[in-house]
Amino acid sequence: MASQAKAVQLLARQFFGMSMVDGAVSAERVGGVLEYIEKTSPANEMAVLREYRRLIAIEVAKGVAVVEHAGAIGDTTLSSIASAMAKKYSRAVTATAKPNPALLAGLRVQIGDDVYESSVAGQLAALASSV
Amino acid sequence: MSSALEQIEQQIAKLSSRAVKKNTGNIRTVADGVAKIDGLSDVMYNEMVQFPGNAIGIALNLEENEVGCVVLGDISQLKEGDEVTTTGKLLSVPVGKALLGRVVDALGNPVDGKGPVNSTETYPVERIAPGIIVRKSVSQPMFTGIMAIDSMIPIGRGQRELIIGDRGTGKTTIAIDTIINQAKINKVGLASGDKNFRPVYSIYVGVGQRNSNIVRTVAALEEAGALEFTIIVAASAADNPANQYIAPYSGAAMGEWFMENGMDALIVYDDLSKHAVAYRQISLILKRPSGREAYPGDVFYLHSRLLERAARLDGKGSLTALPIIETLAGDVSAYIPTNVISITDGQIFLETDLFNQGIRPAVSVGLSVSRVGSSAQIKATKQVGGKLKGELAQFRELAAFAQFGSDLDAKTKAQLERGGRIVELFKQPAFSPSPIELQVSVLFAMQKGFFDPIEVKKVVEAAASLKSFFTTRKDALLAEIRTKGALDKDLEAKLQAACEEWKASFAA
């Protein structure tokens, strides 16, 4: 069971490696990998595809800054956030807006595993945990 | 002037509204106190992570695809997909004198309903043990108040002495007796106003114990007036394995505070067998490779790094450890017992047979040893009890031999009778430790043959009578033994006279 899971992970990682061009995910390569999987039907195809999707999703998330906001947000703010993140992480970053009234006011930017928070809800939570 | 203030306030406002960076992940699975998390790419080994609902965790497995964390606290609210964040901190617990007299959980939170712990300092739970240079050899005694131990298997401040035996052989009782004795010594010492007196503070760590047992321990300590010098860290059988795994390290951190601040402390780990079982459970869920008895490969390091933290530091204080191990059917060659035996500086082995014969504490003199030896004894104890271990060993050998025949020479008979009396003399009820000066007096009486005319069956009664005689009528003599710490000719004469006086009163 454990070796089967390992084999799935190994294969998914190989496919993931093939999908990268210059340190970024290439949609064209991904298409090629999917075509290959469909044609050859490797063992545990579903598990391999799921793991492959997870790895690609993690990589894609590193290049997308999800900007959660409570009030209105302009395109200029989004683009300035995208350029600041691109500079910080030394890679191409796009920003997408996601309204979140639970923040009360301010912003919360998620890129990959990192979260940058400057919101009233975040400050209230920090205050609550320190009391 | 006001513009300058405004500038500073603006700067402060900028800082307080600056974005906070957090590294996050999401729970993939939660089971038996262990969570597997996607993400947390910046997490460090042993770093504290924050779960929703105030539960915290420690990152133990850093893998390519996921992070394995033990969860401390209530895991019932956690679910798949919940966000977890790194904290950049190591797990710490409150330390200091404010914890004395309190019962706390593995994280130092009070569980005794006596309100919050007013502690201002915290220590990390996991710490590297003191190195070679800062250590000092063990030479100061730590009296347990149990005659069989103090006279034959002496324990010193900074030593690690294992208490090992089957279930129900009185392991915890020995540990509790020792804690009670420290409290008694502390009270006498502090009342005397002696500036050189160093009190010993105790920490009792209950791992995987029944809650009723912990309550009983607290009650025994409270009744003996020892709770005010004791911290109780409780990770009962009802707590999740992560709390049971971390509790001994939390207790060690609390003890280290006393040691680092020039005080002496005693820590009891009750017991490390259940601690190893909790760690095995965590390791198996974390999918770490299992070895002998399904324990993970680092189970030795689990206990060695804990027990190495007990030490006597040069120019500072000491931390003495009394780990407890429960054996199955007296098997000391099992995995965990042999590990802990090799780590500690000796062991007190308790035998079920002796316990059932009514010899309590059921200390097996042959298998028990203290590697520190007589350097942790006061001179008076060495003078009266130096040969006891040899005499008892000889008695056991002769007693086994004597079973085959009834014709024994007078010398052998005398040796057997003497051995029988020593065994009786070492019987001691639970939770009533004897002060060292009283032990010296009783052993002196035994060495001078005052118990020889008394029937073996009546030795316990005679010893109790002698103890009560000394405590009620020879208080000054006991105080002199306590302060001098050795028997000179004058003291010996006084003791001889006192014993004669007792003999006359006992015979009457």
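Two strands pair if DSSP finds at least two bridges between them. The model I am reading is predicted.

**Entry 1: where the chains meet**

Strand 6 of chain A, residues 114-119, pairs with strand 1 of chain B in the antiparallel sense, and I noted 4 bridges. For one position I looked up who faces whom: Glu117(A) stands opposite Val20(B).

Then I asked how many residues each chain gives to the contact. Chain B gives 13 residues and chain A gives 8. On the side of chain B, strand 1 (residues 20-31) brings the largest share, with 6 residues. I sorted that side of chain B by type and got 3 nonpolar, 6 polar and 4 charged residues.

**Entry 2: chain B as a whole**

Next I stepped back to view chain B. I found 16 helices and 16 strands in it. Its C-alpha trace spans about 95 × 65 × 40 Å along the principal axes. Chain B has 508 residues, and 46% of them count as buried. I also looked at contacts with a separation of 6 or more: residues 24 or more positions apart account for 72% of them.

**Entry 3: the sheet**

I traced a sheet in chain B next. It is open, it has 8 strands, and its pairing is mixed. I wrote down the order as 8-12-11-13-14-10-15-16. Which strands sit at the edges? They are strand 8 (103-104) and strand 16 (369-370) of chain B, each pairing on one side only.

Inside the sheet I picked one pair to follow. Strand 11 (residues 200-207) and strand 12 (residues 230-235) of chain B run parallel, joined by 6 bridges. Val205(B) has Val233(B), in strand 12 of chain B, as its bridge partner.

Two helices on the sheet went into my notes as well. Helix 8 of chain B packs on the sheet and touches strand 10, strand 14 and strand 15. The direction of helix 8 makes about 160° with that of strand 14 of chain B. Helix 3 (residues 171-192) of chain B lies across several strands, including strand 10, strand 13 and strand 15. I read its angle to strand 13 of chain B as about 160°.

**Entry 4: Val369(B)**

Is it buried, exposed or partly exposed? I counted 19 other C-beta atoms within 10 Å, so Val369(B) is partly exposed; being buried takes 20 or more. Leaving out residues up to four places away in sequence, Val369(B) touches Ile153(B), Gly346(B) and Gln347(B). I also checked Phe349(B), 20 residues apart from Val369(B) along the chain: their C-alpha atoms are separated by 8.4 Å.

**Entry 5: helix 7 and what covers it**

Helix 7 of chain B covers residues 299-307, and I listed its buried residues as Val299(B), Leu302(B), His303(B), Leu306(B) and Leu307(B). Why do they lie on the same side of helix 7 of chain B? They do so because they cover an arc of only 105° around the axis. What covers these buried residues includes helix 5 (241-260), helix 6 (272-285), strand 14 (318-326) and helix 8 (335-343) of chain B.

I looked at helix 8 of chain B again here. Helix 7 and helix 8 of chain B pack at about 35°, with their axes 10 Å apart, and their crossing is right-handed. From helix 7 of chain B the contact includes Phe300(B) and Ser304(B), and from helix 8 of chain B it takes Asn339(B), Val340(B) and Ile343(B). I sorted the contact residues into 5 nonpolar, 3 polar and no charged.

Arg292(B) is in the loop between helix 6 and helix 7 of chain B. With 10 other C-beta atoms within 10 Å, Arg292(B) is exposed. Its C-alpha atom and that of Tyr335(B), 43 residues apart along the chain, are separated by 7.4 Å.

**Entry 6: another pair of helices**

Last, I turned to helix 11 (residues 388-402) and helix 12 (residues 410-425) of chain B. Their axes come within 9 Å and cross at roughly 120°, in a left-handed crossing. Among the contact residues are Leu388(B) and Phe395(B) of helix 11 of chain B, and Leu416(B) and Ile422(B) of helix 12 of chain B. My tally for this contact is 8 nonpolar, 4 polar and 2 charged residues.

Definitions and conventions
Residues are numbered from 1 along each chain as its sequence is written. Chains are lettered from A and ligands numbered from 1 in the order in which they are written. This is a predicted model: local features need pLDDT of at least 70, side-chain atom pairs count only at pLDDT 80 or more; totals for chains, interfaces and linings use all residues. A residue is buried if 20 or more other C-beta atoms lie within 10 Å of its own, exposed if 12 or fewer, and partly exposed in between; C-beta atoms are placed from the backbone. Two residues are in contact if their C-beta atoms, placed from the backbone, lie within 7 Å. The arc is that of the directions from the helix axis to the C-beta atoms. Axes are lines fitted to C-alpha atoms, for helices over the stretch in contact, and angles run from 0 to 180 degrees between N-to-C directions. A crossing is left-handed if the near helix is turned anticlockwise from the far one by less than a right angle, and right-handed if clockwise. Ala, Val, Leu, Ile, Met, Phe, Trp, Tyr, Cys and Pro count as nonpolar, Asp, Glu, Lys and Arg as charged, and the others, Gly among them, as polar.
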